Amino acid sequence: MHYDEEIYRPPMEARTPLLQVTSGCSHNACTFCGMYKKTPYKVSPFEEIEEDLKEIQTKRPDSERIYLLNGDPFSMDYERLKTICLIIRKYLPAIKTIAMYASVNNIADKTDEELRSLQSLGINMLYVGIETGHADILKRINKGNTPEEAVRELKRIEDAGIYWKAMIMLGIAGSGMAEENAEKTAELFSKVSPRGIFCMSYTMVPDSVMYNQWQKGKFREASEYERIMETKILLENINPPKKVRFNSVHVSNTLTIDGFLPEDRERMIRECDEILGEYTEEEFQKTFDRHNLRNL
């Protein structure tokens, strides 16, 4: 198989066959991220893709799901994505779902007709890095889109029949911003219909702009207590048009909760309250050393 030295996929795709079709990230300019700084963006040759599919065919011939690597494969243009879908179906005819990372901007690159066509070819699960719904924070982290643009493009993929799951970053706004950031993010999610909202907790990594800002005293890291407060405020304020899974089961999070909105809202809020009431903010900070995560 042709894989980069470092590959990334959502935890939910742990048992899904992985097919690399791009390397790196087409944007690669978010100030919080250091994942692809040493990996230039490029698309994989069709020959490599076919070779890998032949190998997957020998091991998982009846696969109904496949996950495309790396960074944001949805950055490829419609014709190339269409060709890759057809090649996948040639070697894995049982495929029902082709999943991958995507960004708001590379959704915007496709027409409504192209989105519907890609859905019909099997692209029916996108993992979209939303990070936050706060306009100022989106600008600070150089995400490349506004909340309004995110809502517009997410509604377009919903109209095309493409399911999507959102990823957000607790603490990305920094210390003192938990309430405001959570309210703005909840406002965004009350306008769209993801299948799931998956929380990670922002952990500064070397080689990122925000890490350097933190070292110079230009960014104050959110406390662990503030991140739990942010989770609670999100749960209190998200009013989704449709049932949505809310999940914080990730190694970066202090508190792991899982349930559905709106029916599990009160239970998940109670779980936040229980841990907030057990420790003072100072005591809580001492129980979780985020420095260890930066050195993983």
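Helices and strands here are DSSP runs, numbered from the N terminus. With that settled, here are my notes on this predicted model.

1. Ile7 sits in the segment before strand E1 (18-20). Together with Met1 and Tyr3, Ile7 forms a nonpolar patch on the surface, and the three share about 230 Å² of accessible area.

2. **The main core.** The largest nonpolar core has 63 residues. Phe74, Leu126, Trp164, Phe189 and Phe246 have the most contacts inside it. Helix H2 (residues 78-91) gives the most to this core, with seven residues. A second, separate core has 15 residues, including Leu138, Ile172, Met177 and Tyr211.

3. **Phe246 in detail.** This one is worth a look on your screen. Leaving aside neighbours within four places in sequence, Phe246 is in contact with a set of residues that includes Ile197, Cys199, Leu234, Leu235, Ile257 and Met268. Asp258, Gly259 and Leu261 are also among the contacts of Phe246.

4. **Helix H6.** This helix runs over residues 147-159, and its 13 residues reach 18 Å from the first C-alpha to the last, close to the 18 Å expected. After H6 comes Gly161, whose phi is positive, near 85°.

5. **Two cis peptide bonds.** Most peptide bonds are trans. A cis bond joins Leu69 and Asn70, with omega about -5°; Asn70 lies in the loop between strand E4 (65-69) and H2. The bond from Leu261 to Pro262 is cis as well, with omega near 10°. Pro262 is found in the loop between strand E10 (258-261) and helix H10 (265-278).

6. **Positive phi at Asn28.** Most residues other than glycine have a negative phi. Asn28 is not a glycine, yet its phi is positive, about 50°. Asn28 belongs to the loop between strand E2 (22-23) and strand E3 (42-43), and it is partly exposed, with a relative accessible area of 27%.

7. **Positive phi at Glu131.** Glu131, also a residue other than glycine, has a positive phi near 70°. Glu131 is found in strand E6. Its relative accessibility is 6%, so Glu131 counts as buried.

How values were computed:
Residues numbered from 1 in each chain as written. Predicted model: local features only at pLDDT ≥ 70, side-chain atom pairs only at ≥ 80, totals over all residues. Heavy atoms only, no water. Helix = DSSP H or I, 4+ residues; strand = E, 2+ residues; numbered from the N terminus. Expected span 1.5 Å × (residues − 1). Core = buried A, V, L, I, M, F, W, Y, C linked by side-chain atoms within 4.5 Å. Buried < 20%, exposed > 50% of the residue type's maximum accessible area, 1.4 Å probe, protein only. Contact = heavy atoms within 4.5 Å. Patch = residues over 30% accessible without salt bridge, like charges linked within 9 Å, V, L, I, M, F, W, Y side chains within 5 Å. Areas by Shrake-Rupley, 256 points an atom, 1.4 Å probe, with all protein chains shown as cover. Salt bridge = Lys/Arg side-chain N within 4 Å of Asp/Glu carboxyl O.
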